Amino acid sequence: MDVSGLTIAPGFVDAHQHLDKTGAIAPNPSGTLQGARDAFAAFARGVTPQDVRTRATRTMTRCLNRGTTAIRSHTNVDKDAGFIGLDALSELRAQWADRLTLQLVAFMIPHPRQDYEWLAANIDAAAKRGDVIGGTVAVAEDPERYLDILFSSAARHGKPMDLHMDEHLDASRHRFDLVFERVRRFGMQGRVVLSHASVLSAVPDEEFARIRDQILALDLGVITLPAANLYIQGRGQEHLPPRGLTRVAPLARAGVKIAAGSDNIQDPFIPTGSGDMLEIARWTLLAGHLHASELPEAFGMITHVPAGLMGLGADYGLCPGARADMVITDSEDAEHLVAGGPDGMIVVSKGRPVEEKAAA
């Protein structure tokens with residue numbers, strides 16, 4: 001391959017998707033988070049494994065063609081869906097192993113009336129299928145019991161955790177301290193990611209600084225999901241609606257490991273999405289109030305930072321021994337990749353051009 005004059009970058013990493021939901025045709029007239037949850041819950045009752053595989057394969061293909069070579073997907077496990085999504089995506093994880101690294105989060109969902117007994121009885125089976133344990137804390141009617149179920153299973157199985165953390169803007173009901181206490185109790189320092197963390201943009205500066213310092217002390221990661229938070233948050237406010245993201249710039253400048261992800265792609269939560277992580281990096285820079293001088297940091301949020309949060313280790317990057325996942329473009333450098341994107345791109349997965357792999 002002649003790459004003279006071209007820029008070689010490591011493959012893009014999308015550390016937060018929902019492949020079991022992607023492409024789901026389920027109306028969400030309110031455009032709210034609860035509206036989306038209700039819409040997908042109804043949709044999921046009729047889902048088949050083949051349907052999950054078909055929709056997920058379509059999105060994974062689009063992501064790979066746009067340079068994404070690793071994805072972490074949160075996959076619902078609850079009384080309605082059971083293990084249908086997790087089992088279907090487990091098959092794709094194996095089938096796609098030579099093309100794309102796929103991590104699965106066993107996303108344990110508390111619905112109204114919660115079903116805690118069901119979650120507690122089934123979380124170990126979910127942990128054995130998944131690579132990561134996850135949940136959504138803000139909707140738990142008994143958050144302490146819920147978090148104990150999640151953390152105890154993660155500790156038993158030696159699995160990291162990725163939580164949907166306070167995906168709302170009500171400063172009076174954040175759950176950070178409950179999570180911090182359990183990180184210490186279960187020895188999960190450096191093994192927990194807090195996705196969304198939208199409420200940090202709503203808390204007072206002093207409270208934000210206290211929470212930020214705990215995130216740093218416990219070596220936790222944060223993932224911002226600009227598409228979802230811009231679309232869903234703040235719909236009830238008639239005057240100066242918020243952006244809905246976490247405090248991206250202050251977290252990044254303080255040294256917190258913060259990445260950016262797609263979240264949902266064309267489903268009740270987000271009706272748009274192409275799997276283009278450069279687009280996500282741009283949205284993060286613009287909506288997150290980063291400066292033009294921080295274009296390289298925005299690029300890091302879709303490459304090295306999420307690779308670290310996913311634990312890809314020596315398998316990732318442009319270094320001897322790493323898996324040969326690369327994006328080769330005519331852009332001058334990483335700054336130009338984020339700022340305007342390439343006119344031409346070759347995606348290499350495990351040492352082979354994606355087009356060649358698709359034809360194989």
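Close-up 1. Thr284 touches Thr224, Pro226, Val248, Ala260, His289, Leu290 and Met301, leaving aside residues up to four places away in sequence; contact means heavy atoms within 4.5 Å. The model is predicted: local features need pLDDT of at least 70, side-chain atom pairs count only at pLDDT 80 or more, and totals for chains, interfaces and linings use all residues. Residues are numbered from 1 along each chain as its sequence is written, and side-chain values use heavy atoms, with hydrogens and water left out. Thr284 has its place in helix H10; helices (H or I, at least four residues) and strands (E, at least two) are DSSP runs numbered from the N terminus. With a relative accessible area of 1%, Thr284 is buried. Buried means under 20% relative accessible area, exposed over 50%, and partly exposed in between, with a 1.4 Å probe and protein chains only. A polar atom of the Thr284 side chain lies 2.8 Å from the backbone oxygen of Ile280.

**Close-up 2. The largest cavity.** Three cavities of 30 Å³ or more are found in a search of the whole structure. The largest cavity has a volume of about 100 Å³. Of the 13 residues lining the largest cavity, Ala227, Thr272, Gly273, Ser274 and Ile280 are the closest to its centre. Helix H10 (residues 277–287) supplies the largest share of this lining, three residues. On a 1 Å grid over the protein atoms alone, a cavity is a set of points where a 1.4 Å probe fits but cannot get out; a pocket is an open set with protein on both sides within 12 Å along at least five of seven lines; lining residues have an atom within 4 Å of a point. Grid points are joined across faces, edges and corners, and a volume is the space filled by probe spheres set on the points.

**Close-up 3. The largest pocket.** The largest pocket holds about 470 Å³ of space. Its lining is made of 31 residues, and Leu33, Gln34, Arg37, Val139 and Glu167 lie nearest its centre. H1 gives the most to the lining of the largest pocket, with five residues. H1 and helix H8 (226–232) each supply at least two residues of that lining.

Close-up 4. Asp166 is found in the loop between strand S6 (161–165) and helix H6 (176–185). A salt bridge is a side-chain nitrogen of Lys or Arg within 4 Å of a carboxyl oxygen of Asp or Glu. The Asp166 side chain does reach the backbone nitrogen of Arg175, at 2.8 Å. Not counting residues up to four places away in sequence, Asp166 touches Ala138, Arg173, His174, Arg175, Phe176, Ala197, Ser198 and Val199.

Close-up 5. Arg182 forms a salt bridge with Glu144, the closest N and O atoms being 3.4 Å apart. This pair links distant parts of the chain, with Arg182 in helix H6 and Glu144 in helix H5 (residues 143–157), 38 residues apart. Arg182 counts as buried at 2% relative accessibility, and Glu144 as partly exposed at 43%. A network of salt bridges links Glu144, Asp148, Glu181, Arg182 and Arg185. In another pair, the side chains of Asp177 and Arg210 meet in a salt bridge (3.0 Å, N to O). Asp177 lies in helix H6 and Arg210 in helix H7 (residues 205–217), so this pair ties together parts that are 33 residues apart in sequence. Asp177 is partly exposed, with a relative accessible area of 35%, and Arg210 is partly exposed at 32%.

**Close-up 6. The pair Arg45 and Asp80.** The structure holds 24 salt bridges. In one of these, the side chains of Arg45 and Asp80 meet at 3.7 Å, N to O. Arg45 is in the loop between helix H1 (33–44) and helix H2 (49–65), and Asp80 in the loop between strand S3 (68–77) and helix H3 (84–95), 35 residues apart. Arg45 counts as exposed at 56% relative accessibility, whereas Asp80 counts as partly exposed at 37%.

Notes:
A polar contact is a pair of N or O atoms within 3.5 Å; within protein, one must be able to donate a hydrogen and the other to accept it, and residues adjacent in sequence count only if both atoms are side-chain atoms.
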